[in-house]
Amino acid sequence: MRQFTSDELRKTWKQFYIERGHVDVGAVSLVSDGSTGVLFNVAGMQPLMPYLLGQKHPLGTRLCNVQGCVRTNDIDSVGDKSHVTFFEMMGSWSLGDYFKKERCQWSFELLTQVFGFDADHLAATVFAGDENAPRDEEGAQYRIASGFKKENIYYLPAEDNWWGLEHGPCGPDSEMFYVADRPDCGPGCHCGKYTELGNDVFMQYEKHQDGSLTPLKQKNVDTGWGLERILAFLNGTRDVYQIDLFAPVIAYVEKVSGTKYEQDEKLTRSMRILADHIRTSVMLIGDEAKLLPSNVGAGYVLRRLIRRAVRHGRVLNLKVDDLLRIAEIYIDDIYAESYPLLKANKEFVITELKKEINRFESTVENGMKEFRKILEQKKKAGSAEIDGKSAFYLYDTFGFPIELTVELAQEEGLKVDEAGFAEAMEEQKQKARDNQNFSAKLSTENAGLYESLDASVVSEFVGYDTLDAESSIAAINTGSEWKDSLNEGEEGTVITFKTPFYATMGGQKGDFGVIRTKQGVFDVLDTIKLPGGRIGHIGKVVAGVITAGESASLSVSALNRGNTCKNHTATHLLQEALREVLGDHVEQSGSYQDGERTRFDFSHGQAMTVEEIRKVEEIVNDKIAEDLTVETKIMSLDEAKKTGAMALFGEKYGDTVRVVMVGDFSKELCGGTHVGHTGEIGSFKILSESGVAAGIRRIEAITGRNVTAYYQDMEEKLNAVAVALKTSPASLLERAEHLMAEMKALQSENESLKSKAAKDALGDVSDQVKEIKGVKFLSTSVAGVDMNGLRDLGDQLKTKIGEGVIVLISECDGKVNMVAMATQEAIDKGAHAGNLIKGIAALVGGGGGGRPNMAQAGGKNPAGISAAIAEASKVLESQLG
């Protein structure tokens with residue numbers, strides 16, 4: 001067999017097929033377009049689905065490529081020698097061109113002439129047939145004709161030799177194997193004597209949603225060989241983590257963790273999971289889709305991969321910087337040539353990866369402590385299961401993912417009551433539903449109340465063009481029952497046949513105002529949509545009595561509606577300005593407008609800079625100053641899409657929609673109310689920009705007179721601060737800088753005093769230095785020194801002793817701080833500060849760890865300090881062997 005590098009194997013594969021009339025179509029995004037019902041591209045043929053079904057491919061009928069794929073259905077198996085979540089599929093296709101004869105011949109040539117396999121050790125399987133499709137005798141004959149021995153052809157059932165996704169092109173496949181010796185079994189056996197090399201799929205059928213098969217218009221061939229697996233085999237190993245796509249990462253992990261690959265089964269598993277999951281995460285974030293971690297869909301899978309990587313990194317004592325360095329090795333070294341997009345997106349990849357790792361680090365630290373408590377309780381009680389409420393407590397209080405609880409429990413031999421977890425989750429959701437506001441209860445919990453109302457009672461909204469309307473009161477209720485009337489002081493919901501009141505919808509808060517009849521006055525405090533096409537006016541009778549059937553005058557608060565319109569139109573300007581400044585990836589994730597402010601949630605992976613915020617604000621105010629016309633058009637949904645109008649992702653629209661156009665600057669599908677010209681808005685001010693979820697940012701802003709009020713308030717506060725600091729508003733900055741300099745000088749003086757106090761408390765410890773197997777060792781305690789102080793002392797002592805190991809422990813404010821340090825010479829002899837700390841931390845009721853050269857820990861039991869100091873020398877002695 002010939003040996004290859006990964007780059008050589010990719011090039012060899014494509015060149016082999018190009019010489020046989022194929023065109024390299026390149027790779028597509030790892031994230032699926034959703035047409036096949038899966039989150040990711042899980043096979044090389046997946047992006048070619050339309051062409052396999054008969055559509056003409058622009059590059060012809062013979063295609064090849066190397067396509068990255070992501071499969072996480074067997075994520076729990078990752079950690080062995082062969083399973084990965086990201087892999088590269090070397091593929092070639094015939095779209096109604098050649099079929100089984102040429103395919104079988106070329107596969108044999110590739111195996112024997114290019115890769116150098118001995119034909120006597122090659123075997124193949126073919127489809128044995130079933131009630132849906134016949135036995136593939138033709139495939140067997142062409143395998144034999146190409147050079148496979150007849151006795152090495154095996155017929156296997158559909159579970160082994162039939163390929164296809166949930167629906168779409170499918171057909172019998174024929175797998176090729178390398179046979180190490182002459183076993184008395186076949187490829188279906190899991191004895192390990194058969195190594196799968198590649199797979200040829202003969203796509204003759206289309207599988208429909210109902211599971212039925214029909215012949216395809218054209219017969220296709222789909223060939224797929226896993227690059228990692230065959231690369232490992234060609235280079236004399238069955239461990240994919242030893243090929244050049246992983247070896248540099250494994251070597252780096254060995255170096256920083258102090259653990260050798262395959263030295264310890266559990267740690268080696270963690271190495272593989274870490275290497276695989278960081279690789280897949282880098283590929284997904286750096287992909288053209290720029291996937292970000294989230295709580296749904298593909299983003300959730302990415303989040304789970306990163307979090308598993310973090311956990312196994314912690315097992316190996318790796319820090320955040322180490323995980324990011326692994327990502328850089330993949331980007332800069334391993335995939336620099338084959339995946340140049342990663343290099344182009346490097347800053348984005350590292351930034352997003354770091355944010356997600358840091359986010360989870362804070363979660364997992366507290367969650368792990370609580371998990372261990374629960375684990376100990378269950379073990380002491382003799383229980384083999386963590387109950388659902390405990391699992392939900394970890395999730396609800398500490399953000400601990402249920403998948404992580406299950407995984408950690410399995411490692412300890414326990415199960416998790418996932419059904420109980422789901423019940424606890426539902427209970428929590430129900431509590432939230434029970435606590436919703438009065439308006440929401442009227443519109444949701446009492447849907448049955450509205451079903452009893454005559455279907456002819458429907459409300460017509462006329463408020464786009466007027467703030468006043470005449471109608472009659474169709475119905476009145478209190479939220480639990482229908483009433484003929486409401487008396488002064490009583491609250492309820494009034495429904496009219498016609499109304500100018502806008503009901504809360506699409507992020508815009510409902511109107512308030514007043515409804516008057518000859519007998520009474522009803523203050524409208526909120527307006528909501530109700531089942532059956534009705535609009536509910538929620539409020540209170542403030543004078544007289546309101547009776548069903550009466551004629552009524554309805555008046556919307558002009559001031560509040562006007563301010564709401566300003567905020568809503570400003571939000572449209574804001575979204576377009578954000579896309580101009582940040583990029584087209586910006587999409588609305590939520591919004592809210594009332595008469596006081598606007599709130600806009602949008603997709604963006606990082607906090608906006610001050611300059612970006614200033615630029616967005618400037619663009620919006622410029623468009624306000626231009627006094628652009630705001631026009632609304634009614635059109636079909638298809639027509640709206642053709643105009644390029646933006647729509648809210650995931651929103652369901654009717655056949656007819658409203659399109660709001662702000663000059664030539666903005667065009668959106670929107671059912672809300674707006675100003676007639678942008679000049680009416682007056683001015684726009686961003687109050688805050690913050691993160692509300694992974695990959696989601698939020699801007700809160702104000703318009704018009706609220707901006708004036710904002711600056712007046714800021715001026716008052718500025719004057720008050722100036723008075724407090726005994727200066728003028730114009731000199732505030734200079735005064736603040738002076739005070740900061742004074743504070744910095746005092747802090748420096750304080751740190752110097754603390755350092756001197758720590759040295760004095762430690763005293764002369766040179767006589768406590770001893771030698772263990774040729775390594776100098778100092779283990780001692782000092783009173784009242786915090787962690788920073790201990791590290792400073794450790795650095796000073798390390799300089800004094802030259803080469804060796806230092807352990808310092810201090811009781812400070814009733815808690816224990818511990819630091820261990822090892823010089824490079826000591827590390828070369830086997831010393832490991834992280835493992836040393838691990839070995840003694842339990843004696844002071846704590847835990848911790850770190851790198852070979854430096855580690856720290858905290859504890860709660862000062863009484864164990866002496867025992868920990870004594871134990872430290874024993875631990876070091878065992879390390880030095």
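**Helix H9 and its partners**

Helices H8 and H9 cross in a left-handed manner (the near helix is turned anticlockwise from the far one by less than a right angle; clockwise is right-handed). The model is predicted, so local features need pLDDT of at least 70 and side-chain atom pairs pLDDT 80 or more, whereas totals for chains, interfaces and linings use all residues. Residues are numbered from 1 along each chain as its sequence is written, and side-chain values use heavy atoms, without hydrogens or water.

On the H8 side, the contact is made by Leu-267, Arg-269, Ser-270, Ile-273, Leu-274, His-277, Ile-278, Thr-280, Ser-281, Leu-284 and Ile-285. These meet Leu-302, Leu-305, Ile-306, Arg-308, Ala-309, His-312, Gly-313 and Val-315 of H9 (heavy atoms within 4.5 Å). Sorted by class, the residues of this contact comprise 11 nonpolar, 6 polar and 2 charged.

Arg-308, one of the H9 residues in that contact, also forms a salt bridge with Glu-407, with the closest N and O atoms 2.7 Å apart (a Lys or Arg side-chain nitrogen within 4 Å of an Asp or Glu carboxyl oxygen). This pair links distant parts of the chain, Glu-407 belonging to helix H14 (residues 402–411) and Arg-308 to H9, 99 residues apart. Both ends are covered: Arg-308 counts as buried at 4% relative accessibility, and Glu-407 counts as buried at 7% (buried is under 20%, exposed over 50%, partly exposed in between).

Arg-304 forms a salt bridge with Asp-76, the closest N and O atoms being 4.0 Å apart. Arg-304 is partly exposed, at a relative accessible area of 24%. In total, the structure holds 43 salt bridges.

Asp-713 counts as partly exposed, at 33% relative accessibility. Elsewhere, shared partners join Glu-611, Arg-614, Lys-615 and Glu-618 into one salt-bridge network.

A further helix pair is formed by H7 (residues 247–257) and H10 (residues 320–334), whose axes come within 10 Å and cross at roughly 150°. H7 and H10 are therefore roughly antiparallel to each other (an angle over 145 degrees). Their crossing is right-handed. Pro-248, Val-249, Tyr-252, Val-253 and Val-256 of H7 meet Asp-322, Arg-325, Ile-326, Ile-329, Tyr-330 and Ile-334 of H10. By class, that contact has 9 nonpolar, no polar and 2 charged residues.

Helix H6 (residues 227–234) is mostly covered, with 7 of its 8 residues buried. Among them are Leu-227, Glu-228 and Phe-233. Gly-236, which follows H6, has a positive phi near 80°.

Methods: Axes fitted to C-alpha atoms, helices over the stretch in contact; angles between N-to-C directions. Helix = DSSP H or I, 4+ residues; strand = E, 2+ residues; numbered from the N terminus. Parallel < 35°, antiparallel > 145°, perpendicular 65-115°, else oblique. Nonpolar A, V, L, I, M, F, W, Y, C, P; charged D, E, K, R; others polar. Buried < 20%, exposed > 50% of the residue type's maximum accessible area, 1.4 Å probe, protein only.
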